[in-house]
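Student: I'd like to learn how to read a model like this one. Could you walk me through it?

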Amino acid sequence: DDDGSATNGFVQNIDLETLTTTILGTQDPTNFTVTYHTSYALAQTGAIPITGMYSNATQGGDTVYVRIVNNTT
């Protein structure tokens, strides 16, 4: 609703990092690095992660890819 419309399908200023706890569940977050990406290929390599606030560019939502790396293995 940050753009002033609750019905146009666009959401602005999503802090994706707030979802990390939900994604990891009961796993210790210090054991993992979680990053968010705009494509599967970028998530595969870990390149160009989404940082800061994110706004969807496609009406109705974008696909965001999550990369989870176990820091110990």
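This is a predicted model: local features need pLDDT of at least 70, side-chain atom pairs count only at pLDDT 80 or more; totals for chains, interfaces and linings use all residues.

Student: How many helices and strands does the protein chain have?

Tutor: Helices (H or I, at least four residues) and strands (E, at least two) are DSSP runs, numbered from the N terminus. This chain has two helices and four strands, in the order β-α-β-α-β-β. Confidence is lowest in strand 1 (residues 14-15), with a mean of 88, and highest in helix 2 (residues 40-45), at 98.

Student: Is histidine 37 buried or exposed?

Tutor: The general idea is relative accessible area: buried means under 20%, exposed over 50%, and partly exposed in between (1.4 Å probe, protein chains only). Histidine 37 sits in strand 2 (residues 32-37), and it counts as buried because its relative accessibility is 0%. Across the chain, 16% of the 73 residues are buried.

Student: What does histidine 37 touch?

Tutor: Contact means heavy atoms within 4.5 Å. Setting aside residues up to four places away in sequence, histidine 37 touches a list including Leu42, Ala47, Pro49, Val64 and Arg67. A polar atom of the histidine 37 side chain also lies 3.0 Å from the backbone oxygen of alanine 47.

Student: Where is threonine 38 found?

Tutor: Threonine 38 is in the loop between strand 2 and helix 2. It counts as partly exposed because its relative accessibility is 47%. Beyond its neighbours within four places in sequence, threonine 38 contacts Ile50, Thr63 and Tyr65. The C-alpha atoms of threonine 38 and isoleucine 50 are 7.3 Å apart, though twelve residues separate them along the chain.

Student: Which residues make the nonpolar surface patch?

Tutor: Patches use residues with over 30% relative accessible area and no salt bridge; like charges are joined within 9 Å, nonpolar side chains (Val, Leu, Ile, Met, Phe, Trp, Tyr) within 5 Å. A salt bridge is a side-chain nitrogen of Lys or Arg within 4 Å of a carboxyl oxygen of Asp or Glu. Areas come from the Shrake-Rupley method with a 1.4 Å probe; for residues, only the protein chains shown count as cover. Here Leu19, Ile23, Val66 and Ile68 make a patch of about 300 Å². Valine 66 belongs to strand 4 (residues 65-70).

Methods. Residues are numbered from 1 along each chain as its sequence is written. Side-chain values use heavy atoms; hydrogens and water are left out. pLDDT is the predictor's confidence in each residue, from 0 to 100. A polar contact is a pair of N or O atoms within 3.5 Å; within protein, one must be able to donate a hydrogen and the other to accept it, and residues adjacent in sequence count only if both atoms are side-chain atoms.
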